[in-house]
Amino acid sequence: MLTLKVLQENKEQVIERLSVKNFKAEDVVNQILGLDQVRRSTQNSMDNNQSELNKIAKEIGVLFKSGNTFEVNLLKEKNTQLKELVKSQGEELAQIEKQLNNLLVQLPNLPHSSVPRGKGADDNIEIRSGGNKPSLYKDAVPHWDLAKKYDIIDFELGNKLTGSGFPVYKGKGAKLQRALINYFVDEATAAGYLEIQPPIMVNEDSGFGTGQLPDKEGQMYHVGIDNLYLIPTAEVPVTNIYRDVILSASEFPIKMTAYTPCFRREAGSYGKDVRGLNRLHQFDKVEIVQLQHPEKSYQALEEMVNHVEGLVKSLNLPYRILQLCGGDMSFTSALTYDFEVYSAAQDKWLEVSSVSNFESYQANRLKLRFREEGEKKTILAHTLNGSALALPRIVAALLENNQTPEGILIPKVLQKYTGFEIIN
RNA sequence: GGAGAAAUGGCCGAGUGGUCUAAGGCGCACGCCUGGAAAGUGUGUAUACUUCAAAAGGGUAUCGAGGGUUCGAAUCCCUCUUUCUCCGCCA
């Protein structure tokens, strides 16, 4: 969430910036600033009364020892009244802070100055692209047919076990999953990311820290009996490792990677977008996360984009990199690049990675701060993350693009992980 | 799941109702000492909010979390969480 300070000091710019995300902020910002005034004066008054109360309590202690019971009783009486006042002011303050927080949480992150205005996906800007679209032989089919033909992914069996969107991978299909996971994690660790194996359920605090709660409550699976959430991405547990932490500037950059299954309810999704592997409730993903100094976070973002680009290239998939417009960006992001790969038989571009800089938006929720060498004051760190990569759509594109009458060819870089060169 | 014990600053650890403004130690930072270092020695050493133009300084809160008792709580009471020991179950 945005800091009060940013709102106080740059009110007009904040409103202007948020309009890039098509968010009308003026009313909320005004409410916040007004409420903050009330909060300050209330707290001031309460603090003074508390101070007075503490002082008197000490006097009572001294008088008590000297046996001056008359004076003691007089002061007790006074303090009882003061206490009432402090208590009611405290309740008032708690109420105000709660309201203030509810309002602050409603404001999305400020988009970076390079972010174009726009309504949705059509207004995203292609940054660059690579690879060539394959020319398929004439009987080529979409991946869901290939999955059935070679018996490597069983969607109906998943329906039986759980429900739609929970496929079962079998034989070479399962092995391909493991191969991709291992390849991606190996590449990330080679690039200096520390491998993490986090829990795949998180508590409310973690969900709040990275911005899933309260906004995206309905997108996560909730285990009610224990009040835990199945993670929609490894970003949540991995970034929350540094919740409530104060780093020193010399510790940057902190780079972590994690393979986890991801769970998304995808409420409201339907139709042909959800066919086959295109949109699942459970899928595998390798995530990369960086914590960086604010002055270096955009450099880190470029580095992460290059890393992801290297992966897609190495798999010989036609890809394009888009910079998201204000209207298509997530609530918490300041700048996002999406990676899409071309899945030939569907003739569709599929999003396989989203790399974002959140600047201090998550860090403020997480209370993730750092200190410059020798300085006393704490500064919010910047957080970034990206998929490197999400498996299902990569698998979809690999199956579709590499199909031949003899079978599906496995890219070179994966062969030492799969142990086979073809699915037939 | 049952029974018992515990949770104090970066770390160890004292503290059972009133200078706790949390002892002492370790660590860390800066000085002194030294040819240099070690040892020794001195000083400092949390976070958030707030006051102030800013700095300095001040106020408030925080001893696992949240409530309560009291004029006053690290200390007493209640609830929750986590850890340890034992028992049960178990990959």
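Helices (DSSP runs of H or I, at least four residues) and strands (runs of E, at least two) are numbered from the N terminus. This is a predicted model, in which local features need pLDDT of at least 70 and side-chain atom pairs count only at pLDDT 80 or more, while totals for chains, interfaces and linings use all residues. Residues are numbered from 1 along each chain as its sequence is written, chains are lettered from A and ligands numbered from 1 in the order in which they are written, and side-chain values use heavy atoms, with hydrogens and water left out.

**Around the RNA strand**

Keep RNA strand B in view and select the residues around it, of which there are 20, with Arg39, Gln43, Ala57, Asn79 and Arg371 coming nearest. By class, this surface has three nonpolar, nine polar and eight charged residues, where Ala, Val, Leu, Ile, Met, Phe, Trp, Tyr, Cys and Pro count as nonpolar, Asp, Glu, Lys and Arg as charged, and the others, Gly among them, as polar. Which parts of the RNA strand lie within 4 Å of the protein? Of those atoms, 76% belong to sugar or phosphate, and the rest belong to bases.

An N or O atom in the side chain of Arg40 is 3.3 Å from a phosphate oxygen of RNA strand B. The side chain of Gln43 has an N or O atom 2.6 Å from a sugar or linking oxygen of RNA strand B, and the side chain of Asp47 has one 3.1 Å from a base nitrogen of RNA strand B. The elements giving two or more residues to this surface are helix H3 (26-66), helix H4 (69-104) and strand S14 (368-371).

**Helix H2 and the whole chain**

After H2 comes Asn22, whose phi is positive, near 60°.

Zoom out to chain A, which has 13 helices and 19 strands and whose C-alpha atoms fill a box of roughly 100 × 45 × 45 Å along the principal axes. Of its 424 residues, 50% are buried. Among contacts (heavy atoms within 4.5 Å) between residues at least 6 apart in sequence, 74% join residues at least 24 apart.

Select Thr336, which is in strand S12 (residues 335-343). Is Thr336 buried or exposed? Thr336 counts as buried because its relative accessible area is 2%. Its side chain makes a polar contact of 2.6 Å with the side chain of Ser333 and another of 2.8 Å with that of Ser356.

Then select Asn401 in helix H12 (residues 391-401), which counts as buried because its relative accessibility is 9%. A polar atom of the Asn401 side chain lies 2.9 Å from the backbone oxygen of Tyr342. Leaving aside neighbours within four places in sequence, the residues in contact with Asn401 include Pro134, Leu136, Leu317 and Pro318.

His222, in strand S6 (residues 222-223), counts as partly exposed because its relative accessibility is 41%. Its side chain and that of Asn227 are joined by a polar contact of 2.8 Å.

**Rings and charges**

Finally, display Tyr183, Phe184 and Tyr417, which ring pairs link into a cluster; rings of Phe, Tyr and Trp (its six-membered ring) pair if their centres lie within 6.5 Å. Lys255 lies over the face of Tyr193, at 4.7 Å from the ring centre, and Arg365 lies over the face of Phe208, at 4.5 Å from the ring centre; a charge sits over a ring if NZ of Lys or CZ of Arg is within 6 Å of the ring centre and within 35 degrees of the ring normal.

Conventions:
Buried < 20%, exposed > 50% of the residue type's maximum accessible area, 1.4 Å probe, protein only. Polar contact = N/O pair within 3.5 Å; in protein donor to acceptor, adjacent residues only side chain to side chain. Near = heavy atom within 4 Å. Phe/Tyr/Trp six-rings, centres within 6.5 Å; stacked < 30°, edge-to-face > 60°.
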